Structure formats: structure tokens, C-alpha cells
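Biologist: Please take a close look at one part of this model, the pockets. What lines them?

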Amino acid sequence: MDTLHDIFRRADLRLTKSRCEVFTALESIDVPLTIAEIAKRCPNTNRTSIYRILETFHELHVINTIHIGWKVRYELAEPFITHHHHLYCTRCHNAEPLETPELERLIALIGQRHHFRVERHHFELEGVCQTCMAAGDTQPGSTETTSQA
């Protein structure tokens, strides 16, 4: 929490109990969370406050905002977690962290070729995870195995 305190102090903002509760909810899990999932983990903070807190966290680069399909998910950003991307299963909705130095080198190369300084980036792959493929799951968003005739 010292790093979070420093970020808020530099921005001349208070680190309230509600902000700490949302931060702790994000810190306690290693997958990106939706607003509803964050709200369940923050019983002492109302949903409107959660939206405002997430907006502040986003502006201060405390969190990453991840758009997967039409849903938005949130997770802590560097320096709170290591930089990574996600493999998102469209069947079971699992978001698997993906750390790959090859992708980071490619992003740096693209920036160099286009004379562009990349400051932040997000890269998400959507598809079907090994577990869902093994279960024969073929319907988007389905968590049940479908039978084949």
C-alpha cells in the first residue's frame, strides 16, 4: 500500500477507506474483474463510488481497463503487478494472464518503425481455452458441453 499512498500523495488526493477497499479487492485476485465482481468484494462501498474510484485509479494509472467483447474488466497495473496480456475464453469467460517477451519486442519494433513512442498498450486474445475444447464446448458463452449427433 505504500506505493498507492505515494501515488495519491503526488496527485494531492486522499486515500479513503473506500479506495483502499476497491484496491484490496483488485489486489486479492489475479484475474480482471467486472464492476459487479468488484461490488461483491466491496460490501462497504456503493456501486456509484466504485465507478468513481475506478475512474480515479484509471487516471492515476493504478489499474488497467480491459475491454473484452462488450464487457469491461479491471485489474491492477504496474507497479502492482507484472505487465501482461490475456487469453480470454469466450466459452467459460476465464481470462488467463499471458506474459510473452516476443510480443513486447514486436510492439517496440512497431513503435520504432513508425517513429512512435509507445507509452502503454493492451493486447487481448479471444478464443476457446483447452478445457472448453476438451469438453467439446462449441457454443459461445456456454458453460455446458454440447452433444453432437
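Modeller: β1 gives the most to the lining of the largest pocket, three residues. This is a predicted model: local features need pLDDT of at least 70, side-chain atom pairs count only at pLDDT 80 or more, and totals for chains, interfaces and linings use all residues. Residues are numbered from 1 along each chain as its sequence is written, and side-chain values use heavy atoms, with hydrogens and water left out.

A pocket here is an open set of points on a 1 Å grid over the protein atoms alone, where a 1.4 Å probe fits, with protein on both sides within 12 Å along at least five of seven lines; lining residues have an atom within 4 Å of a point. Strands (E, at least two residues) and helices (H or I, at least four) are DSSP runs, numbered from the N terminus.

The largest pocket has a volume of about 300 Å³, the space filled by probe spheres set on grid points joined across faces, edges and corners. Its lining counts 17 residues; N64, H83, R120, H121 and H122 lie nearest the centre. By class, the lining holds three nonpolar, nine polar and five charged residues. Nonpolar covers Ala, Val, Leu, Ile, Met, Phe, Trp, Tyr, Cys and Pro; charged covers Asp, Glu, Lys and Arg; the others, Gly among them, are polar.

The second largest pocket holds about 160 Å³. Its lining has 14 residues, with I29, D30, E75, I81 and H84 nearest its centre. α2 (17-27) and β2 (71-76) each give two or more. β2 gives the most, three. This lining has eight nonpolar, two polar and four charged residues.
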